[in-house]
Amino acid sequence: MSLIHPAIETLIFNEEQILNRVSEIAEQINKDYEGKEEIIFITILKGAFMFMSDLVKKIKLPIKCEFVSISTYGDGHLSTENLKLLLDVQSNIEGKDVIIIEDVLDTGFTLSTFIQLLKQKNPNSIKIAVCFIKEGCQRVTNLNIDYFAFIAPPLWLIGYGLDNAQLYRNLPYVGSLKKEYQ
């Protein structure tokens, strides 16, 4: 195993654990969508890019990859007006099966709001794949998560796409960030 970055307080998930679990999720998706014409994977940037990359390498079905960039902003009140799509889906998803790829689920606000926007494009189905579900976070909505890799502790996590000020996304493992790096 490689040396752990000095910004890591505690290693939470190592590279082997992550890759094994992503492979299991891919196997399940391959079974669930067997015989389907095409699946559209919509990845929410930036944090989910590594999860998506490893996941689609294991998918044995016809797929398209799309990327969206979402910004939430405002006065702290959660509403659809506080969500801005910086990069939207480019493909026509009407009548298509869609899997949203997300890095971390905490409150669920952004993901829930994005799903409302996607439904206006009339896809056949929408499923959700999340790499990390934060344990103990207050959810603002009930989301049905179809695929997830890990339940993560409610810590500031970095690595495997997760960042602190855009740093540490490239680490192949996930760890908690030391306070002096926050």
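This is a predicted model: local features need pLDDT of at least 70, side-chain atom pairs count only at pLDDT 80 or more; totals for chains, interfaces and linings use all residues.
1. Basis. Local features need pLDDT of at least 70, side-chain atom pairs count only at pLDDT 80 or more, and totals for chains, interfaces and linings use all residues. Residues are numbered from 1 along each chain as its sequence is written, and side-chain values use heavy atoms, without hydrogens and water.

2. Helix α1. Helices are DSSP runs of H or I, at least four residues; strands are runs of E, at least two; both are numbered from the N terminus. The 18 residues of α1 (15-32) should span 26 Å at 1.5 Å a residue, and the end C-alpha atoms are 26 Å apart, which agrees. The expected span is 1.5 Å times one less than the number of residues.

3. Faces of α1. I18, V22, I25, A26, I29 and N30 are buried (under 20% relative accessible area, with exposed over 50% and partly exposed in between; 1.4 Å probe, protein chains only). They cover an arc of only 140 degrees around the axis, so they sit on the same side of α1. That arc uses directions from the helix axis to the C-beta atoms. E16 and K31 are exposed on the face turned away from the buried side.

4. Sheet. The open, antiparallel sheet runs β1-β9-β8. Strands pair if DSSP finds at least two bridges between them. Edge strands are β1 (8-13) and β8 (157-158). Four bridges join β1 to β9 (174-177); F13 partners V174 in β9.

5. Lining of the largest pocket. β5 gives the largest share, four residues.
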